[in-house]
Amino acid sequence: MASDLTIVGYPFLPIGMGEHARSTFRAFRAAGTTAGLLDVADQKGDVDEDLDRDFSPYLATGSAAVNLFCVNGDEAARVIEAVGKKAFEGAYNIVYPAWELARYPQCWAKVLERFDEIWAPSAFIQDAIAGAVSKPVVHMPLAVDLKLSAFLGRRHFGIPEEAFVVLFFFDFSSFAERKNPGAVLEAFERLAARRPDAHIHCVIKSRGGSDADEAQRDLEARLAALAPRAQAIYGDLTDNEIKNLVRVCDVFVSLHRSEGFGRGMAEAMAMGRPAIATGYSGNLDFMTPETSLLVDYDLVPVAAGAYPHGDGQVWADASPEHASKLIEQLLDDPAGARAMGQRARTHIREHFSVRAIGQRYVDRMKVIRG
C-alpha cells in the first residue's frame with residue numbers, strides 16, 4: 001500500500017526486535033498515521049495467525065519518503081542492501097536500534113552514520129550511542145501494547161491455580177549471561193527454602209536454546225530440583241500466548257545484567273502486575289520506586305566472551321537475596337502488591353501506551369517533514 005512512511009523490520013518474527021517493529025507500527029496507527037511495513041527477515045518461518053491478520057494488509061514492496069528501520073547495528077548494512085542503495089539514498093532514513101551496554105560498538109556506529117538520525121528506545125541507549133556517532137540521537141521510548149485476541153488462563157500453561165507465581169522469560173539468542181535467569185532461580189530458591197509451606201511457583205519461559213547448550217542444561221537441572229514448585233516453558237508462543245502468560249502470573253522478576261529497554265517488565269506493569277528488576281539500565285525509563293521494586297546491584301566487568309563487544313565494559317550483578325526479600329514482600333502483602341500493580345498500570349498507560357508514544361512519533365515526524 002502507498003505511504004510516505006515505511007517501517008522496516010521483522011513484523012512477523014517472535015523476537016524482541018519483531019515486537020519492536022509491531023509496537024512502533026501500532027503506535028503510529030493510534031496517533032492517526034498508517035505506515036507501510038517492509039519485512040526484511042532473511043528467514044521466514046510459520047506466521048502467527050493474529051500477526052498475519054493484523055499486519056499483512058500493510059506490507060509494502062519498497063521504501064518510502066521516510067523509512068524507519070527497526071533493526072540493530074549489526075543488521076543495518078544487510079538491511080540497507082535489501083532496501084536498495086538508490087532507494088535508501090533518496091529517502092530520509094531513521095534507525096531505531098536496541099543495545100544493552102554503556103558504550104556502543106564503533107564498528108556498528110559507522111553503519112549508523114549512514115542514517116539521517118537515530119532513535120534510542122531508552123535514555124540508557126541514547127547515552128551509549130550519542131558518544132559514538134555524529135548524527136542526532138533522539139530519545140524515543142517504545143510503546144507497550146497489550147492487545148489480546150483471546151483470554152487464556154493458567155490451565156493453558158499448566159500453572160497451579162492457587163499459587164503465587166513468579167515469571168521470567170528470555171531468549172538464549174539474547175545471551176543467557178546478560179539475561180541472567182540463574183539469578184532469578186537463586187532468588188526463588190532462597191525464598192522456597194525460607195518458606196517451605198508457601199504456595200509459590202516459578203515459571204521460566206525460554207526460547208532459542210538447545211539440548212546441547214550448557215546454560216539450558218543447568219536451567220533444567222535447577223528447575224527439576226525445585227519441582228513441583230517450578231516449571232519451564234520452552235519454544236515459541238504466539239503473541240497472544242506470551243501476553244496471557246504475563247497476565248496470569250503475580251510478579252515478573254528480571255535480574256538482568258543490562259537491558260536496552262526491558263519489555264518484559266513493561267508489559268507486566270501494563271497488565272497491572274508488579275515488576276521486580278535490577279535497578280540499572282534501560283528499564284529505569286519506566287520503573288520508578290513508586291511503580292515497581294528495584295533490586296540492589298554491583299557493577300562488575302563483563303566477562304570475556306559473555307557479550308559482543310563487552311571487553312572493557314561493565315554491567316550489573318544483581319543481589320538474589322534482595323530480590324528474594326522483595327518477592328516475599330509481595331507474597332505477604334497481597335493488597336500492597338495489587339496497589340503497586342495498579343500504579344504501574346496507570347504509569348504505563350499515561351506515558352508508554354501506543355497513543356502516548358504515537359503522539360511523540362508524530363510530533364517528531366512533523367519536525368522532520370517541516
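In which loop does Phe172 lie? Phe172 sits in the loop between β7 (164–171) and α8 (176–179), where helices (H or I, at least four residues) and strands (E, at least two) are DSSP runs numbered from the N terminus. Before going further, a word on the model: it is predicted, so local features need pLDDT of at least 70 and side-chain atom pairs count only at pLDDT 80 or more, while totals for chains, interfaces and linings use all residues. Residues are numbered from 1 along each chain as its sequence is written, and side-chain values use heavy atoms, with hydrogens and water left out.

Phe172 is buried, with a relative accessible area of 11%; buried means under 20% relative accessible area, exposed over 50%, and partly exposed in between (1.4 Å probe, protein chains only). From Phe172 to Leu101 there are 71 residues in sequence and 17 Å in space, C-alpha to C-alpha.

Now let us turn to the sheet. Six strands form an open sheet of 6 strands in the order β2-β1-β3-β4-β5-β6, with parallel pairing; two strands pair if DSSP finds at least two bridges between them. The edges are held by β2 (36–39) and β6, each with a single partner strand, so one side of each has no neighbour in the sheet. From one strand to the next, the twist averages 25 degrees; axes are lines fitted to C-alpha atoms, for helices over the stretch in contact, and angles run from 0 to 180 degrees between N-to-C directions. Within this sheet, β4 (residues 92–95) and β5 pair in the parallel sense over 2 bridges, and Ile94 stands opposite Glu117 in β5.

Helices pack on these strands. Helix α15 (residues 354–369) touches β1, β3, β4, β5 and β6, and its direction makes about 170 degrees with that of β5; contact means heavy atoms within 4.5 Å. Helix α1 (residues 16–30) lies across β1 (5–9), β2, β3 (66–69) and β5, running at about 165 degrees to β1.

Helix α6 (residues 123–130) is worth a look of its own. Its buried residues are Phe124, Ile125, Ala128 and Ile129. Viewed down the axis of α6, they fall within an arc of 120 degrees, so they line one face of the helix; the arc is that of the directions from the helix axis to the C-beta atoms. An α-helix has 3.6 residues a turn, so residues three or four places apart point the same way. The buried residues of α6 pack against α5 (106–112), β5 (117–120) and β6 (137–139).

A polar atom of the Thr278 side chain lies 2.8 Å from the backbone oxygen of His256. Leaving aside residues up to four places away in sequence, the contacts of Thr278 include Ser254, Leu255, His256 and Asn283.

What about the cysteines? A search of the whole structure finds 0 disulfides, a disulfide being a pair of cysteine sulfur atoms within 2.5 Å. For Cys249, the nearest cysteine sulfur is that of Cys202, 9.3 Å away. Cys249 is buried at 2% relative accessibility, whereas Cys107 is partly exposed at 40%.

Finally, some backbone details. A cis peptide bond joins Ala227 and Pro228, with omega about 5 degrees; Pro228 is in the loop between α10 (214–226) and β9 (230–234). Asn180, in the loop between α8 and α9 (181–194), has a positive phi near 60 degrees.

Methods: Polar contact = N/O pair within 3.5 Å; in protein donor to acceptor, adjacent residues only side chain to side chain.
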